[in-house]
Amino acid sequence: MRGFKNSSRFCVLVTIFILHFGVWCNGDTENMTAQMEKNEINSLYSTIQGFVGKWWNGSDLYPDPCGWTPIQGVSCDLFDGFWYVTDLNIGPIHDNSLSCAPNVEFSSNLFTLKHLRSLSFFSCFVSPRHHPTSIPTERWEFLASSLESLEFRSNPGLIGQIPNTFGRLIKLQSLVLVENGLSGEIPQNLGDLVNLKRLVLAGNELTGKIPDTFGRFNQLLICDLSRNKLSGVLPKPLFGGLISLLKLDLSYNNLQGEIPQEISQLKNLTLLDLSNNKLSSGLPKSIQEMTCLEELVLSNNPMGGFLDVLDWYNMIKLTTLDLSNMNLTGEIPESILKLKKLRFLGLNDNKLNGKIPKNLEDLPNVSAIYLYGNNLTGELQFSQWFYRKMGRRFGAWGNQNLCYSYGLVSTTDVPFGVKQCEQELKYVIDVEMNSSFVDFQSSMGYLNDCWILRCFVVELFMVILLLLK
């Protein structure tokens with residue numbers, strides 16, 4: 001009876017194992033026996049050969065590029081029982097990735113990969129002098145039904161303009177064209193890509209104005225047009241439509257004019273970087289309505305105006321505030337002391353005056369404060385602990401009428417480049433000299449009486465000489 005029970009239990013375990021193993025095998029068999037359509041294979045091989053060279057023919061791949069030995073940088077998925085390429089990454093992204101040939105070519109077969117979702121090129125077009133290459137302007141519409149991500153990164157040999165036909169990629173969610181050699185104006189019809197969540201065109205030679213059509217990007221989360229040669233004013237429609245935007249970086253361009261009041265409509269923005277442009281007309285009061293801002297960088301603009309025009313306590317999430325070299329005037333407002341999350345404060349190279357608020361050292365997270373190159377005055381009243389903690393990350397030099405109080409710090413923990421207060425210094429010197437004189441008198445006290453006696457003897461001798469005459 002016990003043997004029968006053990007036998008039954010064994011049969012149950014075997015049955016469970018067979019069922020489980022059978023399901024796994026059947027699923028895996030379906031995947032491994034699936035093949036790639038011949039046209040898809042030919043298109044893929046021709047595309048890769050155009051970028052890496054004719055020497056590559058995929059002969060070592062069996063049974064196909066999506067089987068046991070897939071190509072590094074190529075991903076596939078099943079559609080109607082066949083493998084199709086969904087991701088194609090060209091360039092040395094990984095250690096064993098296929099590197100591009102010097103004479104790179106775009107094969108027309110690239111546009112026949114009908115299920116392609118992601119296409120990227122990294123450090124593939126590297127020689128603008130010997131092998132300059134332009135992005136094809138035609139046939140991008142053939143990828144419009146599938147392509148969601150398109151990236152060209154670190155390709156200095158990729159020159160020419162951004163094709164207008166990119167505007168036909170209506171499913172595109174990410175367009176990244178960073179650190180290439182692209183030039184010319186940004187196509188207006190990129191505004192048709194209403195599904196974009198990320199737009200990065202940084203580090204090129206793009207010129208002209210920011211298209212008004214960018215205001216249609218109501219799903220956009222990241223917009224980075226930095227490090228180009230864009231000019232003109234900031235378009236008001238841009239701020240009215242980017243309701244989902246989290247990060248906006250327009251730094252290192254030639255943008256002019258004022259910051260529109262409409263910028264306050266970017267309610268979700270956490271980073272705003274407009275530094276290194278030619279913006280003017282002062283700080284717009286509407287910035288204080290951007291209560292989600294964590295990083296505000298407006299440095300190196302001839303902005304002018306007053307620093308205390310804003311109620312800074314409304315922006316309590318700020319961790320970085322860089323307003324250096326902006327021709328700002330007035331005093332440092334007390335409301336900045338409400339920014340308890342602040343880590344970096346840059347107010348250097350302005351025309352600020354008045355005293356530095358002592359409570360700056362009470363900001364709990366601050367690790368760098370730069371106030372140099374202003375007209376700040378008075379005595380610094382920070383503690384020795386503060387100077388020791390900050391070191392040269394507290395920059396107050398270059399303020400001629402600013403000094404530090406000797407009595408609050410030791411000789412080793414002093415603010416770099418700041419002089420000691422003159423009146424206090426004179427007092428200290430007098431005290432030290434008097435102290436030294438007293439010490440000297442104390443040590444030489446036993447000679448005083450002798451000195452008086454000697455003087456008396458000398459005078460008596462002189463009287464006697466006169467009488468003898």
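L221 sits in the loop between β11 (205-208) and β12 (222-224); helices and strands here are DSSP runs numbered from the N terminus, with at least four residues (H or I) for a helix and at least two (E) for a strand. This is a predicted model, in which local features need pLDDT of at least 70 and side-chain atom pairs count only at pLDDT 80 or more, while totals for chains, interfaces and linings use all residues. Residues are numbered from 1 along each chain as its sequence is written, and side-chain values use heavy atoms, leaving out hydrogens and water.

With a relative accessible area of 32%, L221 is partly exposed; buried means under 20%, exposed means over 50%, and partly exposed is in between (1.4 Å probe, protein chains only).Now for the chain as a whole. The protein chain has six helices and 28 strands, and buried residues make up 45% of its 469 residues. The accessible surface of the protein chain comes to about 24,800 Å², with 55% of that belonging to carbon and sulfur atoms; areas come from the Shrake-Rupley method with a 1.4 Å probe, and for residues only the protein chains shown count as cover. Take the contacts (heavy atoms within 4.5 Å) between residues at least 6 apart in sequence: 59% of them join residues at least 24 apart.

Next come the cysteines. A disulfide is a covalent bond between the sulfur atoms of two cysteines; the cut-off used here is a pair of cysteine sulfur atoms within 2.5 Å. Searching the whole structure turns up two disulfides. One of them joins C100 to C124, with an S to S distance of 1.8 Å. This pair links distant parts of the chain, 24 residues apart: C100 is in the loop between β3 (82-90) and β4 (118-122), and C124 is in the loop between β4 and β5 (133-134). The link of C100 and C124 is left-handed, with -100° about the S-S bond, and both C100 and C124 are buried.

A disulfide also joins C403 to C421, with S to S at 2.1 Å. C403 belongs to strand β27 (residues 402-404) and C421 to the loop between β28 (419-420) and α5 (422-443), so the pair ties together parts that are 18 residues apart in sequence. Here the link is right-handed, with 85° about the S-S bond. C403 counts as buried because its relative accessibility is 11%, and C421 is buried too, with a relative accessible area of 4%. As for other cysteines, C223 counts as buried at 2% relative accessibility, whereas C292 is partly exposed at 22%.

Finally, a look at the backbone. Most residues other than glycine have a negative phi. S154 is not a glycine, yet has a positive phi of about 55°. S154 is placed in strand β6 (residues 149-155) and counts as partly exposed because its relative accessibility is 23%. N276, not a glycine either, has a positive phi of about 55°, and is found in the loop between β16 (271-273) and β17 (278-279).
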